[in-house]
Number of protein chains: 2
Amino acid sequence: MSRKATPMADQSITLHCVAERARVHASTVSRALDPARRHLIADAVVTRVETAARELGYRRNPIAASLRTRRSKLVGVLVPDIANPVFSPIISGLGEVLASSGYSTIVADVGSDARRQKQLVDELMARRVDGLVLATVRRHDPTLRHCRDAKVPVVLVNRRDDQNCVPWVISDDQRGIGLAVSHLCSIGHLRIGHLAGPRHLSTGAQRRQGFIEAMRAHGLQPAAGDIAEAASYDRQAGEAAGNVLLDAAPDLTAIVAANDLLALGLIRALKARNRACPAHISVTGHNDMPLVDMVEPPLTTVRIGPRAMGLEAGRLLLALLRGEPGAEDRRVLMEPELVVRASTAAPARRPP
Amino acid sequence: MSRKATPMADQSITLHCVAERARVHASTVSRALDPARRHLIADAVVTRVETAARELGYRRNPIAASLRTRRSKLVGVLVPDIANPVFSPIISGLGEVLASSGYSTIVADVGSDARRQKQLVDELMARRVDGLVLATVRRHDPTLRHCRDAKVPVVLVNRRDDQNCVPWVISDDQRGIGLAVSHLCSIGHLRIGHLAGPRHLSTGAQRRQGFIEAMRAHGLQPAAGDIAEAASYDRQAGEAAGNVLLDAAPDLTAIVAANDLLALGLIRALKARNRACPAHISVTGHNDMPLVDMVEPPLTTVRIGPRAMGLEAGRLLLALLRGEPGAEDRRVLMEPELVVRASTAAPARRPP
DNA sequence: ATCGTCTATGCAATCGTTTGCATAGACCGT
DNA sequence: ACGGTCTATGCAAACGATTGCATAGACGAT
């Protein structure tokens, strides 16, 4: 038979089995199979052990190893909503980087309930995860203290905390909104409003701040009614807050939304009022989520690289886990990019 | 101070600590804290142990427990692409059900490389997952044999295998496409084509089959050129195969796509040819993914309940893990639902 | 030849739970 | 009062890997 025999199923092949076959002690096998400790063992023995392990189809039991080393090679990831297409590429990027260093990721869906978050963190800590990635933090979030007390390394992604006490990887939200405002100004808009995100999230607060500052930089001063805040980042909330905004400031010629879904909700509100986008009013989104290039009208938006954010956050967490000096203090701000499509156009001339 | 003291961090509070405080043996604590074995212990002792555990903030160490019981309370989930909005609700549903029975899920992104799948399964088996959920299987997939050999319980979701050797939860793909075909026939279409998915996937094959059978049921016989197969489920592939289809069968008045993304690719191909949808040609999708109600034109599609599928698959896996009789033989077909929007309309009258 | 140094390997304890078996009382019937 | 049955708890051995310490040679220097 030319076909190579498949190694036995890994049912119960332990270090001792390999040790026996290679005629050495189990501890020697343990060392020989660990790249970091291999140098302690004579080359001849290492190869003998390696072939024995290969022949038996040995796979180290990470559970036993974890018990002894008190490290699980597991990291927990908390997202507000797995189904949100912004988070899936983050998760995917994270998983890729972490897997390359032997870590598996447990992803937990927090939902909107803040208490659920503590519960999930506790559960993950009970599983002795080596680190956590949080895409869920609010600006003032007791979870962080909790993690710090338990000495679990944490990286934030997409959203940051106000105390700035933990490393994070986020998109430059102020700058992103600034790009949208500049674009609108450059094509002639003067009355620009903001459909803001929840202010308890850094994205909501930073984008609002970015809006105000960018407006000032263009010599514009937004009035109070020119900003309306959505209760959450979804279409319904966008539609509701959009209606508030349109009522409060009927003369706006453009609205910068804090998020694509809010923008889509707003566009629906506009349709219900028979106001055309962009003919009557221009709209921008934020995130460039999939398919917003095919909605009607195709959305001008700010592209963030969620996958790149995930990759970067993974690298940062690895640095933390390796105890690299300075990792604690790293903060990564990713550069966003404006994508101009058809939901923005020059404002209509006012009838004289 | 009225505030209740927070229990110490769970750093190193073991069974023995609790045992010592409750003045019993560790094994008694172990039993008292396990609902299934609590009845072995006197009620008074149980409560004493419980309060001791609470006061100390004890959390059982699942790693140590896993080592002893050879069960990890982990399940692995393989998806072809986390970022695909069809799979996130599946994952979310699965996670919810499994978490309620104390299982955590490790989600792995397989991507398109078939070899990567075996590798990931091996990795998960090395971590001693108690079960696997595969959303990735091809119709003939060696992975299943591999899992069966290793005696790891498996549930398929969204896609099934041809041998039908493993329980699955899928949408009734044939029926789903049948709904689309019936709808098109009912509004007068006679020349209907199919933009098929990859035939190595059950969804591709079943929907194609469903198309052919539904056509026959309406007295129509699709010609060879009326079906084109996309290489994968994404917009580019949809656009490419759409172009092939439009060239081969220029007189089609409607096209049933196997998937929303294929439909969107097709619509782009139509736009490039200045053919209007639905004025010149009607298009239907499949899955009702988020935002297809807002694209131009809003897509008529077949809604599947991916979250419900995830929930159901989770329940099925739990049954398997509990060794419930008959669980091995369960197959769940979920009922799809047609959602009519604006991408379908009666065919234009042919010029006489 | 002797001693010291170094290196490769073995020894055994340990990580924290679970669980089969042993046992000490309690309780019951006669 | 005695033997038998039960029940609640303790005992100790796993589970499979890692790792500080011990040690047996090898080797070199004097």
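Predicted model: local features only at pLDDT ≥ 70, side-chain atom pairs only at ≥ 80, totals over all residues.

Residues are numbered from 1 along each chain as its sequence is written, and chains are lettered from A and ligands numbered from 1 in the order in which they are written.

Chain B is superposed on chain A by a rotation of 180 degrees with 0.0 Å of shift along the axis, at an RMSD of 0.1 Å (least squares on the C-alpha atoms of residues with pLDDT of at least 70 in both copies). This is the relation of a two-fold axis. In chain B, the C-alpha nearest the axis belongs to B:Val295, 1.8 Å from it.

In the interface, 33 residues of chain B are in contact with 33 residues of chain A (C-beta atoms, placed from the backbone, within 7 Å). On the chain B side, helix H4 (62–69), helix H5 (87–99), strand E2 (104–109) and helix H6 (114–126) each supply at least two residues; helices (H or I, at least four residues) and strands (E, at least two) are DSSP runs, numbered from the N terminus. Because 100% of the interface residues of chain B are also interface residues in chain A, the copies meet through the same surface.

Within chain B, helix H1 (residues 15–22) and helix H2 (residues 26–33) pack at about 100 degrees, with their axes 8 Å apart. Axes are lines fitted to C-alpha atoms, for helices over the stretch in contact, and angles run from 0 to 180 degrees between N-to-C directions. H1(B) is therefore roughly perpendicular to H2(B) (65 to 115 degrees; under 35 is roughly parallel, over 145 roughly antiparallel and the rest oblique). Among the residues making this contact are B:Leu15 and B:Val18 of H1(B) and B:Ala26 and B:Val29 of H2(B).

Definitions and conventions:
Contact = placed C-beta atoms within 7 Å.
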